[in-house]
Each structure stands twice: as structure tokens, then as C-alpha cells.
Amino acid sequence: MEIEGKVKLIGETQTFGSNGFRKRELVVTTDEQYPQHIMVEFVQDKCDLLNTYAVGQDVKVSINLRGREWTNPQGQVKYFNSIQGWRLEGASQGAPAAGMPPVPPMEAFEPADNLNEEDHDDLPF
């Protein structure tokens, strides 16, 4: 799944426990009729993905939805959900995807005028 929007907040990296578990939060505001402020967690080595991004930047975040069950001391079962990010890309409106060269305008292509409909097509589909 993916979320697209503008970076509203980039949290500091937090470290928990003796094993050094790391977590960092990113809040993305979606661009729709009713904008949503979506908090995405990045954990362990994925925390470093946020280092090159800034508040106000347009981004596309690849996410996984995570759910877990917890039983409190009184024996009640509770359920928690989290949104965990695993990839982050800059998203610029109307620009080609990162790493893709721009497509030349239609005028740069010559029409195929030697097309023969009777030629055998050897493509398997």
C-alpha cells in the first residue's frame, strides 16, 4: 500500500530497551477534499530513510498495516494497529518517477509508414 502527501512532521529517532530497538515517526498530510494526517512508523534500519527529507516536501510512502493482540492484567484482550513504512520516495506532481528519464514529446517520434499488416507477428501474446 502507498500513501502520498506532504510531510507535516519528522520525529527524532527513539531507542527502546536493552536490545536497542529504534523507532521514528513521520506524519504525512494527504491532499484530498478532507486531508488526513497519517502517522507512519519507521523501525530499526528504516529510520535512516527519513534523514534526507524535510517538512513540506511531497512524498510517497510504501507501508504495511500491522496488527497485534494484547491481554491486559485484568484479562481483557485489546487489539492495536500500526502503519509501518518501509520505503520513502520524493513525489513531485507531474514529474517522472525517480530514476526514469523524461519521455520526449510526440513530435520527436517519426511515424511508421512502412507498416505491412500481413507481416507475421512473432510475439507470444
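Select Leu 26 and show what surrounds it: leaving out residues up to four places away in sequence, Leu 26 touches Val 7, Leu 9, Ile 10, Ile 38, Met 39, Val 40, Phe 42, Leu 50, Val 61 and Leu 88. Touching, or being in contact, means having heavy atoms within 4.5 Å. You're looking at a predicted model, where local features need pLDDT of at least 70 and side-chain atom pairs count only at pLDDT 80 or more, while totals for chains, interfaces and linings use all residues. Residues are numbered from 1 along each chain as its sequence is written, and side-chain values use heavy atoms, with hydrogens and water left out.

Stay on Leu 26 for a moment. Is Leu 26 buried or exposed? Leu 26 counts as buried because its relative accessible area is 1%; the cut-offs are under 20% for buried, over 50% for exposed, and partly exposed in between, with a 1.4 Å probe and protein chains only. Leu 26 belongs to strand S3. Now click Lys 8 as well: its C-alpha atom is 7.7 Å from that of Leu 26, although the two are 18 residues apart along the chain.

**Zoom out**

Switch to a cartoon view. You'll find zero helices and six strands in the protein chain, so here's how those get named: helices (H or I, at least four residues) and strands (E, at least two) are DSSP runs, numbered from the N terminus. Of the 125 residues in the chain, 22% are buried.

**Strand S1 and its partners**

Next, select strand S1, residues 2–10. Which way do S1 and S5 run? They run antiparallel, joined by five bridges. To see one spot in that pairing, pick Ile 3, whose bridge partner in S5 is Val 61. S1 also pairs with S3 in the antiparallel sense, over four bridges. Select Val 7 here and look across to Val 28 in S3, which stands opposite. Two strands count as paired if DSSP finds at least two bridges between them. While you have strands on screen, one general point: in a regular strand the side chains alternate between the two faces of the sheet.

**The nonpolar core**

Now select this set together: Ile 3, Val 7, Leu 26, Val 28, Val 40, Phe 42, Leu 50, Tyr 53, Val 59, Val 61, Ile 63 and Leu 88, the twelve residues of the largest nonpolar core. Two or more residues of this core come from each of S1, S3, strand S4 (37–43) and S5. Which element gives the largest share? That's S5, with three residues. A nonpolar core is a set of buried Ala, Val, Leu, Ile, Met, Phe, Trp, Tyr and Cys residues joined through side-chain atoms within 4.5 Å. In soluble globular proteins, nonpolar side chains tend to be buried together.

Pick out Leu 88 from the set. Beyond its neighbours within four places in sequence, Leu 88 is in contact with Leu 26, Leu 49, Leu 50, Tyr 53, Val 59, Lys 60 and Val 61.

Go back to strand S3, which covers residues 21–29, and select Thr 29. Thr 29 counts as buried because its relative accessibility is 18%. Its side chain makes a polar contact of 2.9 Å with the side chain of His 37. A polar contact is a pair of N or O atoms within 3.5 Å; within protein, one must be able to donate a hydrogen and the other to accept it, and residues adjacent in sequence count only if both atoms are side-chain atoms.

Then select Lys 23, also placed in S3. Why does Lys 23 count as buried? Because its relative accessible area is 17%. Among the residues Lys 23 touches are Glu 12, Phe 16, Glu 41 and Cys 47.

**From S5 to S6**

Move to Asn 72, in the loop between strand S5 (58–71) and strand S6 (77–90). Asn 72 is buried, at 9% relative accessibility. A polar atom of its side chain lies 2.9 Å from the backbone nitrogen of Gln 76.

For the last stop, select Trp 70 in S5 and Phe 80 in S6, ten residues apart. They form a tilted aromatic pair, 6.3 Å centre to centre with 55 degrees between the planes. Rings of Phe, Tyr and Trp (its six-membered ring) pair if their centres lie within 6.5 Å; planes under 30 degrees apart count as stacked, over 60 as edge-to-face and the rest as tilted. Trp 70 is partly exposed at 44%, and Phe 80 is partly exposed at 37%.
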